[in-house]
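Subject: Structure handover

Hello,

Please find the structure below, with notes on what turned up in it. Could you look through them before you set anything up?

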Amino acid sequence: MLLGLTTASAATVCFGFGAVFQARGARAAPRADRVRAGLLAALVRSWQFVLGTLLDIVGFVLSIVALRTLPLFLAQAVTNASLAVTALAAVWLLGARLRRGDVAGILAVIAGLTLLALGSGQDGRNHAAPAFHWALLATTAVMLLATVVLVRREGDAAAAGLALLAGIGFGVTSLAVRVLDASGPVAVLADPAAYALAVGGLGGYLAYALALQRGTVTAATAAGTVTETFGPALVGVAALGDAARPGFEWCALTGFAVAVGGTFVLSRFGELEGESAELSAPRREAEAEPAVPPR
């Protein structure tokens, strides 16, 4: 339990700071109106963007240890709390300002994770029947087909749907890491969960990016968080034997709900920061231009 909590917490810090460094690197790169090789080259030349990407990779490796040693409802709640770390890091590194709702969200995440850690028992099984592994791969196939359908639609409903699909992809990735047969290279290549892990992760990133193009950051993040957190947690309890400490079920359930609720509240943080940036730019331009009296 201690190893899992340590790696999950470290992964959360890596994800949180990684997002901020990637944001700083992306802002420093020349603005582009289309995807091209030059944009990627500019991002790679930014040490901040590269550092953020490396932090994401380290965070993913650490999260693998957490997913293999903790109940899924605890591992998912901890790693998804990286948004709280991002908010605090943005204050330090980007000069962002926290509002009362942001502070309340951060405190809720901390309180929820504390209760969840106190109420969590031992993780369940790290293996499942072959049908479970094939079901994970089949789920990713359905997710990709649904993404192809929804990508033709616009609006908040399509954005929410794509975000839910992204959450499903990331949730399948977590489940695949948990049950993957890692006894050797041959076993990994023969395990459908290995391909579910790859397809779920890549498909999830694609669906999330498409969701951000069609709706708000809040809608995409909130919808994805719900699916990514609750889905694996329920499967872990129902199919893999994850459980709370005897007599502390109320503590684990309350902590899970409060932590996810705090993340839900913090999903508004990125959108508000973006809105304030967009509003401040025209204001600065207006102050710089001399007033012209009407004719």
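Predicted model: local features only at pLDDT ≥ 70, side-chain atom pairs only at ≥ 80, totals over all residues.

Gly-95 comes after helix H5 and has a positive phi, near 75°. H5 itself covers residues 82–93. Its 12 residues reach 16 Å from the first C-alpha to the last, close to the 16 Å expected at 1.5 Å a residue. The buried residues of H5 are Ser-82, Ala-84, Val-85, Thr-86, Ala-87, Ala-89, Ala-90 and Leu-93.

Ser-82 lies in H5 and counts as buried because its relative accessibility is 15%, where the cut-off for buried is under 20%. Leaving aside residues up to four places away in sequence, Ser-82 touches Thr-12, Phe-15 and Gly-16. Another residue from that part of the chain to look at is Ser-9: 73 residues separate it from Ser-82 in sequence, and the two C-alpha atoms are 8.9 Å apart.

Nonpolar patch

Val-103 is found in H6. Its relative accessibility is 38%, so Val-103 counts as partly exposed; that class lies between the under 20% of buried and the over 50% of exposed.

Gln-122 sits in the loop that runs between H6 and helix H7 (130–150). Is Gln-122 buried or exposed? Gln-122 counts as exposed, because its relative accessibility is 59%. It touches Pro-71 and Ala-243, not counting residues up to four places away in sequence. Gln-122 and Ala-244 are 122 residues apart along the chain, with 7.5 Å between their C-alpha atoms.

Salt bridge

How many salt bridges are there by the rule used? The count comes to 1. The partners are Asp-242 and Arg-178, whose closest N and O atoms are 2.7 Å apart. In general, side chains of opposite charge can pair when their charged atoms come close. Asp-242 has a relative accessible area of 2%, so it is buried. Arg-178 is at 0% relative accessibility and therefore also counts as buried.

Whole chain

The secondary structure comes to 12 helices and 0 strands, which reads along the sequence as α-α-α-α-α-α-α-α-α-α-α-α. Of the 295 residues, 43% count as buried. Among contacts with a separation of 6 or more, 84% are between residues 24 or more positions apart. The accessible surface of the chain is about 15400 Å², and carbon and sulfur atoms hold 70% of that area.

Regards

Definitions and conventions: Residues numbered from 1 in each chain as written. Heavy atoms only, no water. Helix = DSSP H or I, 4+ residues; strand = E, 2+ residues; numbered from the N terminus. Buried < 20%, exposed > 50% of the residue type's maximum accessible area, 1.4 Å probe, protein only. Contact = heavy atoms within 4.5 Å. Areas by Shrake-Rupley, 256 points an atom, 1.4 Å probe, with all protein chains shown as cover. Salt bridge = Lys/Arg side-chain N within 4 Å of Asp/Glu carboxyl O. Expected span 1.5 Å × (residues − 1).
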